[in-house]
Amino acid sequence: INCVLKTCVDPDPKAIPDYLMTSDEVFENCIGRFDIVFVDGMHHADYFKRDVLNSLNVLNDGGIIVCHDCNPIKFEEQVVPRISRRWNGDVWRIIVELRSTRTDLNISVVNTDEGCAIIKVGKSKKIKVKDKITYENLEKNRKEWLNLISVEEFKEIYL
């Protein structure tokens, strides 16, 4: 992203972060407010949910949260703990949960680069999830559950 100020948070020193700590530690110390927050963490639903909810608390008005790894293509890619080389984890479950429980968030997943969710504060309708939230049912309901959009649709909506 081409912007004036970027802040990188990572507990791995190889990432050469601005803040060498976990996202939980950063949010506890509230390092500022942001127009864009990029979430690409532990690939576990519980961590992902905390990161998204904490990001909402530091988001400027009109800001967005971009989340990576939200559209696993194969069952093995979403299993926790990790069993495959290519791995998204189970973060997609939180996208479905938020879309089915919150009316204050607009959420779409762009069908690119492992699935990039765009989360923006704004009115939306809850989706009805009739089936159990399993990968098998994700395959049947992927477009609706993730609000899956193409790159072209993303450009029309957000650019």
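First, the ground rules. This is a predicted model, where local features need pLDDT of at least 70, side-chain atom pairs count only at pLDDT 80 or more, and totals for chains, interfaces and linings use all residues. Residues are numbered from 1 along each chain as its sequence is written, and side-chain values use heavy atoms, with hydrogens and water left out.

Salt bridges, then. By that I mean a side-chain nitrogen of Lys or Arg within 4 Å of a carboxyl oxygen of Asp or Glu. How many salt bridges does a search of the whole structure find? Five.

Take D24 and R50. They form a salt bridge, with the closest N and O atoms 2.7 Å apart. This pair links distant parts of the chain: D24 sits in helix α1 (residues 23–29), R50 in helix α2 (residues 45–57), and 26 residues separate them. Helices here are DSSP runs of H or I, at least four residues; strands are runs of E, at least two; both are numbered from the N terminus. D24 has 23% relative accessibility, so it counts as partly exposed. R50 is partly exposed too, at 34%. The cut-offs: buried is under 20% relative accessible area, exposed is over 50%, and partly exposed is in between, using a 1.4 Å probe and protein chains only.

Next, E114 and R86. Their side chains meet in a salt bridge at 2.7 Å, N to O. Again, distant parts of the chain are linked: E114 is in the loop between β3 (105–110) and β4 (116–121), while R86 is in the loop between β2 (59–67) and α3 (92–101), 28 residues apart. E114 is partly exposed at 22%. R86 is partly exposed at 46%.

One more: D104 bridges to R102, with closest N and O atoms 2.7 Å apart. Salt bridges that share partners also join E77, R86 and E114 into one network.

Which residue is buried yet has no salt bridge? D51, and its nearest side chain of opposite charge, R50, is 6.0 Å away. For charge, Lys and Arg count as positive, Asp and Glu as negative; His and the chain ends are not counted. D51 is in helix α2. Its side chain makes a polar contact with the side chain of S23, at 2.6 Å. A polar contact is a pair of N or O atoms within 3.5 Å; within protein, one must be able to donate a hydrogen and the other to accept it, and residues adjacent in sequence count only if both atoms are side-chain atoms. Leaving aside neighbours within four places in sequence, D51 is in contact (heavy atoms within 4.5 Å) with S23, D24, F27 and V39.

On to aromatics. There are two aromatic pairs. Phe, Tyr and Trp rings (for Trp, the six-membered one) pair if their centres lie within 6.5 Å; planes under 30 degrees apart are stacked, over 60 edge-to-face, the rest tilted. F75 and Y135 are edge-to-face: 6.0 Å centre to centre, 70° between planes. F75 lies in the loop between β2 and α3 and Y135 in helix α4 (residues 135–146), so the pair ties together parts 60 residues apart in sequence. F75 is partly exposed at 45%, but Y135 is buried at 5%.

Last, cysteines. Disulfides, meaning cysteine sulfur atoms within 2.5 Å, number zero.
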